[in-house]
Amino acid sequence: MSVLAENFDSRDSFLADAQRYRRELLAHCYRMTGSLHDAEDLVQETYLRAWKSFEGFEGRSSIRTWLYRIATNTCLTALESRQRRPLPSGLGAPSSDPTGAIAEHPEITWLEPLPDAPGEHPSDPSVIVASRDSVRLAFVAALQHLPARQRAVLVLREVLQWKAAEVGEAIGVSTAAVNSLLQRARAQLDEIQPSADDDVTAPESPEARELLAKYVAAFETYDMEALARLFTEDAIFEMPPFDGWYRGPHDIVMLSKTHCPAQGAGDMRFISTTANDQPAAALYMLNRETGRHEEFQLHVLQVRPGGVSHVVAFHAGDGMFARFGLPEFLPVS
């Protein structure tokens, strides 16, 4: 009988105990895939594989480590047949003209946002610290440029702080190969994301909360001048599934004036939240036929000491608001 079988009277009792790792495994699979939908499916597959191989666990590592190994290999298998998930700014095109036509591309598998607290919490306090920077949109978007095996090595070594030998055993390569993969991954990541996120403001800080409140107020009152003052000079705004991205306060505000369906104060209402360890706000747009404000976009903000430096406005739909615990519409006020 295996060590695991000795500690649990059945596969089902093991699976029940292992549920405490679900949240951190979800974050791990999200880093690997850039998709909340895919991550949820891959976590389910991880638990199914663990349940089936219950008798084979030999106790050479902790159950948590064993689950991470299964999850990593499950992700690697899935990524063999899937395209990377970019943001519009990662497609390689220059910034767009805010007054020009905007093109929607639903055929592209775009990066998705991650709710910060979907009901479960990391069982290991160290995971909370390790996970904060590693689920931010800029980092996850940069990971999508790496080949899957490099992505896995970088996450296991630098996010989870595994030793090279542990990583090699997990993915079936030598320690030397792990070090080589990590070196190449770091070099490519430095090219993609040359600036560090050390000065990014945490969503719970007073500064971030105040800036988010001003951002929401500017949109709700349709005060575009106030909105422009909130952005840094090099701020970026993008809104998948549209492929354009826009740089600087002037272009961002011009984009809103040109393409936003809102016509004035009161057309937009927001609910503040968080996503990817960043301040966020769910936008509800007025439907003039029903009189209701209906789900429209989820704005995820990157906040720095100088202001809002990056916004990704994810188009609502496909149950995204529900995954964040948000309603589909707001009642008529």
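Helices H3 and H4 are oblique to each other, a class that takes in the angles left over once those under 35 degrees (roughly parallel), over 145 (roughly antiparallel) and 65 to 115 (roughly perpendicular) are set aside. The model is predicted, so local features need pLDDT of at least 70 and side-chain atom pairs count only at pLDDT 80 or more, while totals for chains, interfaces and linings use all residues. Residues are numbered from 1 along each chain as its sequence is written, and side-chain values use heavy atoms, with hydrogens and water left out.

**Helix packing**

Helices (H or I, at least four residues) are DSSP runs numbered from the N terminus. Their axes are lines fitted to C-alpha atoms over the stretch in contact, and angles run from 0 to 180 degrees between N-to-C directions.

| Pair | Residues | Axis separation | Angle |
|---|---|---|---|
| H3 and H4 | 22-33 and 36-52 | 8 Å apart | about 125 degrees |
| H8 and H9 | 148-159 and 164-171 | within 10 Å | roughly 140 degrees |

H8 is likewise oblique to H9. The crossing of H3 and H4 is right-handed, and so is that of H8 and H9; in such a crossing the near helix is turned clockwise from the far one by less than a right angle.

Contact denotes heavy atoms within 4.5 Å. On the H3 side, Arg22, Leu25, Leu26, Cys29, Tyr30 and Thr33 meet Leu36, Asp38, Ala39, Glu40, Leu42, Val43, Gln44 and Tyr47 of H4. These residues comprise 9 nonpolar, 2 polar and 3 charged, where Ala, Val, Leu, Ile, Met, Phe, Trp, Tyr, Cys and Pro count as nonpolar, Asp, Glu, Lys and Arg as charged, and the others, Gly among them, as polar. Between H8 and H9, the contact involves Arg149, Val153, Leu156 and Arg157 of H8 with Ala164, Val167 and Ile171 of H9. That set holds 5 nonpolar residues, no polar ones and 2 charged.

**Cysteines**

Cys29, listed above in the H3 contact, is buried at 0% relative accessibility (buried: under 20% relative accessible area, with a 1.4 Å probe and protein chains only). Cys75 is also buried, with a relative accessible area of 0%. The sulfur of Cys75 lies 3.6 Å from that of Cys29, its closest cysteine sulfur, which is too far for a bond. A disulfide requires a pair of cysteine sulfur atoms within 2.5 Å, and the count comes to 0 disulfides.

**Gln144**

Gln144 sits in the loop between H7 (137-143) and H8. This residue is buried, with a relative accessible area of 1%. Leaving aside residues up to four places away in sequence, Gln144 touches Arg31, Met32, Thr33, Gly34, Arg84, Arg85, Leu111 and Arg151.

Key. Helices (H or I, at least four residues) and strands (E, at least two) are DSSP runs, numbered from the N terminus. Buried means under 20% relative accessible area, exposed over 50%, partly exposed in between (1.4 Å probe, protein chains only).
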